[in-house]
Amino acid sequence: MADKNGNASVRQLEVRHRGRFGQISIYFGKFIRMFVYQSDWKVLPMAAIIAGLVGFALGREFGINMEGTLTATFAVVCVCIWNGSFNSIQVVCRERGIVKREHRSGMYILSYILSHMMYQLILCILQTVVTLIVLHLVGMKFPGKGMFTPWMVVDIGITLFLITYASDLLSLWISTLVHSTTTAMTIMPFVLIFQLIFSGGVFSIPAVVKPIELLTISSPGLKAMASQVNLNDLPYSAVDGMVKMVDKVEVGGRITLGQVLDLLQDEKNPMVAEIRAVKVGNTMTVREIGEDLLNNDTYADLRGKVLVGNVTLGDVISALLNTEALNEILDMEVGEVSTLGEVIDYLAADDAIRSLRNEGLDIHMTVGDAIDIIGREETMASIRKTASEAMYEPAYENTSGNIINNWLHILVFILVFAVLSVITLEFIDKDKR
Amino acid sequence: MTNILRLVLTLFFDAYNPILVAARALFIVGAWLLFRKSGIKSWWALIPWAREYQLGRCAAREPEGRYFCVTSMLITLMSVAIICFQWNDDNETLIAFAPLILVVLVSLLLIRFIYNIRVFSGLIRIYGVSRWWIVFCIFDELRFIPMLTWGAGGKYQPAWKVEDLKAEMERLATHGSAAVMDEGLTVNLKDRHVKEFFHKKYLLKDIHMAIPQGHMVLLLGGSGAGKTTFLNAVNGYEKADAKVTLNGNDMYSDYKKMQYEVGFVPQQELIRGKDTVKRTLLDAAKLRLSKDIPREDREKRVHEVMDIFGLLPVQDNMVEKLSGGQKKRLSISMEFISNPSLFILDEPDSGLDGVMARELFEQLRGIADTGKIVIVITHTPDRVIDLFDDVIVLAKDSSRTGRLAFYGSIDDARSFFGRQTMEEIVKSINQKEEGGDGLADEFVLKYAEVQNG
């Protein structure tokens, strides 16, 4: 107690008060009580509902095909950003006056922010667990082994937690910047939209603004999760729909025999080279060779080879066999040949055929027919594989390096936002009131 | 036109179109003349953006002037950036950002237009001219017409001038200082200022006093006189160019230790509503008391303070459920827990009825009687004036700076101001536009003369 002779001040100067770390427990305890009394626990059922909706809408195609998985991954990243952002967007600005008062009474800003960070850390872990459980329940599974732990779900959980926590701290920083909850809630949608637009992967943005992706939490978050689910190895099924749309479209047209022969003699074309290397029987007529190529299952793949546009080798052979002008040639015997290339070269060198180089061949069919001739399943598989290869993204490659890089990227954000929050709130004494 | 010329013209005139440049040049000439009439240095007219701010000051619309200045600066910088891109033939970047640039530019132009109108309507009021003049201000190319007319026309005189602050400050300055006391609070405040845009704004100036221990002091002053600023400067939270000592210890150099010697109770009850009274006080005790105090002693102190302020019956209640008076007492007890030597309360009676307010002030008198200094701001001082020893009167002078108009006993204050009640004293020093007598400068000068001997 102070007395009238001023000893109180001298005593106070010698008193040791709680330091920066000593104060953390005061505020951490306070925030835990707020969790109960101020209904901060509501963020957990909210996280469950949002995860449930997203999982219900997008979970079925997760892990099945590339585009469905990418969409679901993006949606899950959005859920995490949403959860994190709304955890702390109001926490400082709603009690700014109280913070200023306590700062005046000896509270350290560092202690206050660290307490918030500890409290939000627990909240984000709980939200991540809730999100994963709900996603699992609605059918979005993460089976198999993870890259760093024996369970994929734990690896994914780390990514989701990091995204949630980084977003949480971004909002914490915004909350230290603004002076009212109204301003905070006005800024929030802009921050969310910025995160979503510049997440990369889903929205196409001009190359010149691509580097902005580096400033978002969503971009490394999306890349980390896409790497973990091995997005590059999944088939791109969106092409099924596209093929269905063009199934009835007629293709074909009129080409000359000379064009066909020139094409079949172009050994630089890898597809033609493959066809030319096929072994065929000896001393047969040209027609027999043609019919053999058309009907024998051994040559099914060969028949399906696309020569030009949508025209396959099967189409050409079929057209040639049905061209009356070629009857004489078709009945010719071919001797001592061993590959299809040699047959083609033999025919191309023949004077009778050379005189017919300008003869036209009509080829008409629908895309669906063409695919059916080649074999629908094999064709679609091939198209999906080719599309997947075209969609290949090195950042989504399932490597530990990729995942760690993205985790580190998010960790840098966490650190930066924490430091910025402390620095910003240190200026609270400049508040007008 | 070369790119470098375009850049220079854009920076200086915010345009490179010859007609606009000519209009802006005439505008600058008008601003030069107008600034001279309004008591602002004319050369400000030559500085891009600063002239927009100074125009706001001429119109007695400084905040609008700031926005006018900032938006003008952003628009110019965007224009400069566009010219630079064109200069480098980097049209790809320009096209990529075109929609964004367009949205931002249109928004800025709209904001500038609004603040332009506000500033010019202020000038219209100050120069007492017809509202129709605003038509010229709507069109950027025509703004020079009113500027030149008002600036050069002899019949146009401003009703209000930006005062020469330095001369005014010198006129009202006191040159004395209070002797530092070993026991009690000594304040020697030269000034407290903030830097605003292109000038220094003085919030407080020349306040010297020595308050002995055990005194309960009333802090009086009209709205904007700087009462809270003064208290923040006294407790060291917002440092001024000052030397403040409490019981011989420097409040500024030893702030980290001395802050526990000052209890500051803010006007609003800044307490978390979703916590119990006891937990709130326990946390306050952890923060404010020594970390070496055993837990039992800390809890004992909390119990003692709750007992003093009548909070024991509600100790387990949520703060949000307390009545206004209970919240106020809790707010005071949070500061009282560390037993500070200096106790500052900003309107502790706001929201309390007369009886409750009287009870609260009697409790504060009791605290002062234990040898502490209690400084209180209140807007209804007369009902409890018998409880105070001294009064500090802060007044806003004609340059809107807070100054000391009086410090001394209540009776001395009555005779100094020639008023019987404290409310009459406040009325006498308030500005005329605030409904007061506008005698602030007079009393500040009178008190300065007293202090200077």
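Let me start with two helices of chain B: α11(B) and α13(B) are roughly parallel to each other, a label used for angles under 35 degrees, with over 145 called roughly antiparallel, 65 to 115 roughly perpendicular and the rest oblique. Their axes come within 9 Å and cross at roughly 25 degrees, with α11 covering residues 277–288 and α13 covering residues 324–336. Axes here are lines fitted to C-alpha atoms, for helices over the stretch in contact, and angles run from 0 to 180 degrees between N-to-C directions. The helices themselves are DSSP runs of H or I with at least four residues, strands are E runs of at least two, and both are numbered from the N terminus.

Before going on, a word on the model: it is predicted, so local features need pLDDT of at least 70 and side-chain atom pairs count only at pLDDT 80 or more, while totals for chains, interfaces and linings use all residues. Residues are numbered from 1 along each chain as its sequence is written, and chains are lettered from A and ligands numbered from 1 in the order in which they are written.

Back to our pair. On the α11(B) side the contact uses B:Val277, B:Thr280, B:Leu281 and B:Ala284, and on the α13(B) side B:Leu330, B:Ser333 and B:Met334. Contact means C-beta atoms, placed from the backbone, within 7 Å. By class, that gives 5 nonpolar, 2 polar and no charged residues. Nonpolar covers Ala, Val, Leu, Ile, Met, Phe, Trp, Tyr, Cys and Pro; charged covers Asp, Glu, Lys and Arg; the others, Gly among them, are polar.

Staying in chain B, look at α4 (residues 62–87) and α5 (residues 91–127), which pack at about 155 degrees with their axes 9 Å apart. That angle makes α4(B) roughly antiparallel to α5(B). Here the crossing is left-handed, and the contact residues are 16 nonpolar, 5 polar and 3 charged.

How is chain B divided into domains? The assignment gives domain 1 (3–157) and domain 2 (166–452), with bounds that come from an automatic or database domain assignment. The C-alpha centres of these two domains of chain B lie 44 Å apart.

Now over to chain A, which has 21 helices and 6 strands. Its radius of gyration is 35 Å, well over the 22 Å that the globule rule gives for 433 residues, so chain A is more spread out than a compact globule. That radius is taken over C-alpha atoms, and the rule is 2.2 Å times the number of residues to the power 0.38. Along the principal axes, the C-alpha atoms of chain A fill a box of roughly 130 × 40 × 35 Å. Its domain 1 is in two segments, 10–235 + 393–430, with domain 2 at 239–386, and their C-alpha centres are 59 Å apart.

One helix pair from chain A: the axes of α6 (residues 109–137) and α21 (residues 400–425) come within 9 Å and cross at roughly 140 degrees. The two are therefore oblique to each other, and their crossing is right-handed.

Finally, where do the chains meet? There, 35 residues of chain A are in contact with 38 residues of chain B. On the chain A side, α1 (7–14), α2 (20–37) and α5 (96–104) each supply at least two residues, and α2(A) gives the most, with 7. That side divides into 13 nonpolar, 11 polar and 11 charged residues.

Terms used. Contact = placed C-beta atoms within 7 Å. Left-handed = near helix turned anticlockwise from the far one by under 90°.
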